[in-house]
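Morning, everyone. Let's take a quick walk through one model. Please have the display up.

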Amino acid sequence: LDCAKQVVAPPLASEAAQRVPPPLTVASLSLKTIINPSNHQHEIVGVGVVHLNCVDMDTPMTNEQWNRPQVLRNFSILRKLDGQAWPPGFEQAMAAENASARGRMNGGSMVSMQSSERALLTCLLARLQSLDADVLVGHNIGAGDLSTLLYRMQHHKVPMWSR
């Protein structure tokens, strides 16, 4: 600003009340864990994320608004158990699922298979960062999933886990 006369007062309260809030992206997170028998710690073996774009926070969405592939999407990330192979035919089935019409609408990587828990967590962080969800929900997110997720990221020293 060149001078104080260029400063503009904020809009009146009535104008602010008429503004439409921006749409939100909501993601639902679900973890599948096992207990490692050697150290009795939870380990993450699978993560599922369902995300919904263009959510209006003032009014409920109708079926026609949210039940469309352009708006409602999902992805899953799985890892091998230590020392175990994938079940026979599993990799081919997941490749076929990713190549299906539903898989292509979800970016072609609806199911991602990782070799380790660290790789699963790194992939999850990358996907969540690109998703940029405004709201993160889950059935057990406050009671256990979030703390398990954070603990496992710290345990594996996953880079950029705090983002």
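Where is Arg127 found? It is in helix α5, which covers residues 117-131. One caution before we go on: this is a predicted model.

Stay with Arg127 for a moment. Is it buried or exposed? Arg127 is buried. Yet it has no salt bridge. Look for a side chain of opposite charge, and the nearest is Glu97, 13 Å away. A salt bridge would need a carboxyl oxygen within 4 Å of the side-chain nitrogen.

So what does Arg127 touch? Leaving out residues up to four places away in sequence, the contacts are Phe75, Ile77, Asn106 and Ser109. Look at Phe75 in particular. The charged end of Arg127 sits over the Phe75 ring, 4.0 Å from the ring centre.

Now to the strands. Strand β3 spans residues 72-79. It runs antiparallel to β2, and seven bridges join the two. For a landmark in that pairing, take Leu78 in β3, with Gly46 opposite.

On to β1 and β2. β1 is residues 24-35 and β2 is residues 42-55. This pairing is antiparallel as well, over 11 bridges. Which residue of β2 is the bridge partner of Val26? That is Leu52.

The hairpin of β1 and β2 has six residues between the strands. Find His40 there: its phi is positive, near 60 degrees.

Two other residues have positive phi. Asp132 has phi near 55 degrees, and it is not a glycine. Find it in the loop between α5 and β5, where β5 is 135-137. Asp132 has a relative accessible area of 56%, so it counts as exposed. The cut-off for exposed is over 50%.

Next, Lys157. Its phi is also positive, near 55 degrees, and again the residue is other than glycine. Lys157 lies in the segment after α6, which is 141-155. Is Lys157 buried or exposed? It is exposed, because its relative accessibility is 66%.

Last stop, the aromatics. How many aromatic pairs does a search of the whole structure find? One. The partners are Trp86 and Phe90, and the pair is stacked. Their centres are 5.0 Å apart, with 20 degrees between the planes. Both Trp86 and Phe90 are buried.

To close, back to Arg127: buried, without a salt bridge, and with its charged end over the ring of Phe75. Thanks, that's my tour.

Terms used
Residues are numbered from 1 along each chain as its sequence is written. This is a predicted model: local features need pLDDT of at least 70, side-chain atom pairs count only at pLDDT 80 or more; totals for chains, interfaces and linings use all residues. Side-chain values use heavy atoms; hydrogens and water are left out. Two strands pair if DSSP finds at least two bridges between them. Helices (H or I, at least four residues) and strands (E, at least two) are DSSP runs, numbered from the N terminus. Buried means under 20% relative accessible area, exposed over 50%, partly exposed in between (1.4 Å probe, protein chains only). Lys and Arg count as positive and Asp and Glu as negative; His and the chain ends are not counted. Contact means heavy atoms within 4.5 Å. Rings of Phe, Tyr and Trp (its six-membered ring) pair if their centres lie within 6.5 Å; planes under 30 degrees apart count as stacked, over 60 as edge-to-face and the rest as tilted. A charge sits over a ring if NZ of Lys or CZ of Arg is within 6 Å of the ring centre and within 35 degrees of the ring normal.
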